[in-house]
Amino acid sequence: MAILLEMLDINTGLALGVGVLSLLWWLSVRRPAGAPPGPWLAVPLLGHLLLMMKKDTRQQFAAWRRQYGDVFSLYLGSQLVVVLNGYKVIKDALVKNADVFSDRPQTYVNDIITDSKGKFKNLKDFSYEIVSNEWVIMQVSF
């Protein structure tokens, strides 16, 4: 290990670090195959939120609609979101392809308040689960 460190000077290590970080950035913001077109610059963890903050959100979405068409995609945070514009496109998606659009994304909050079948938990059971989890955390911390 010491021999390897002697061979690498600061410039090589810096170049290697920048290369690895660039590769990780590219992997985190690249658009999956088959996704609709959209803005190319996405910041890791923030996505396109910085571009949306430059001007009014409605104006930004209207500009993207003119540039990319009625269906485009963008990253809100690290989540890829497909945006549908126009009555005809929305009707085609939600009426003619209802089985594709009828599901909701998997989220942590959804897992907490619903059971494995997607039904809401009983409020009493839900509140007991939260209190018992906090009690376990308090016991572990002391």
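This is a predicted model: local features need pLDDT of at least 70, side-chain atom pairs count only at pLDDT 80 or more; totals for chains, interfaces and linings use all residues.

1. The UniProt record, an unreviewed entry, carries the annotation "transmembrane region" for residues 7-27 and 33-51. Over residues 33-51 the model shows 16% helix and 0% strand, with the end C-alpha atoms 23 Å apart. The annotation and the modelled secondary structure of this segment should be read side by side.

2. L51, a residue of helix α3 (residues 49-54), is partly exposed, since its relative accessible area is 21% and buried means under 20%. Beyond its neighbours within four places in sequence, L51 is in contact with P39, L41, Q60 and W64. The C-alpha atoms of L51 and P39 are 9.1 Å apart, and the two residues are separated by twelve positions in sequence.

3. Q60 belongs to helix α4, which spans residues 57-68. Q60 has a relative accessible area of 9% and is therefore buried. Setting aside residues up to four places away in sequence, Q60 touches L51, M52 and K55.

4. S73 is part of strand β1 (residues 71-76). With a relative accessible area of 0%, S73 is buried. A polar atom of the S73 side chain lies 2.6 Å from the backbone oxygen of P36. Apart from neighbours within four places in sequence, the contacts of S73 include R31, A35, P36, P37, G38 and P39, and also L80, V81 and V82.

5. The largest nonpolar core has five residues: M52, W64, F72, L74 and V83. As general background, nonpolar side chains in soluble globular proteins tend to be buried together.

6. Four aromatic pairs are found in the whole structure. In one of them, the ring centres of F61 and W64 are 5.6 Å apart and the planes meet at 70°, so the pair is edge-to-face. Both residues lie in helix α4, three residues apart, which is about one turn of the helix. The rings of W64 and F72 have centres 6.1 Å apart and planes at 65°, and this pair is therefore edge-to-face. Ring pairs join F61, W64, Y68 and F72 into a cluster.

Technical notes: Residues are numbered from 1 along each chain as its sequence is written. Side-chain values use heavy atoms; hydrogens and water are left out. Helices (H or I, at least four residues) and strands (E, at least two) are DSSP runs, numbered from the N terminus. Buried means under 20% relative accessible area, exposed over 50%, partly exposed in between (1.4 Å probe, protein chains only). Contact means heavy atoms within 4.5 Å. UniProt positions are given in the numbering used here, feature names are shortened, and annotations may be inferred rather than shown by experiment. A polar contact is a pair of N or O atoms within 3.5 Å; within protein, one must be able to donate a hydrogen and the other to accept it, and residues adjacent in sequence count only if both atoms are side-chain atoms. A nonpolar core is a set of buried Ala, Val, Leu, Ile, Met, Phe, Trp, Tyr and Cys residues joined through side-chain atoms within 4.5 Å. Rings of Phe, Tyr and Trp (its six-membered ring) pair if their centres lie within 6.5 Å; planes under 30 degrees apart count as stacked, over 60 as edge-to-face and the rest as tilted.
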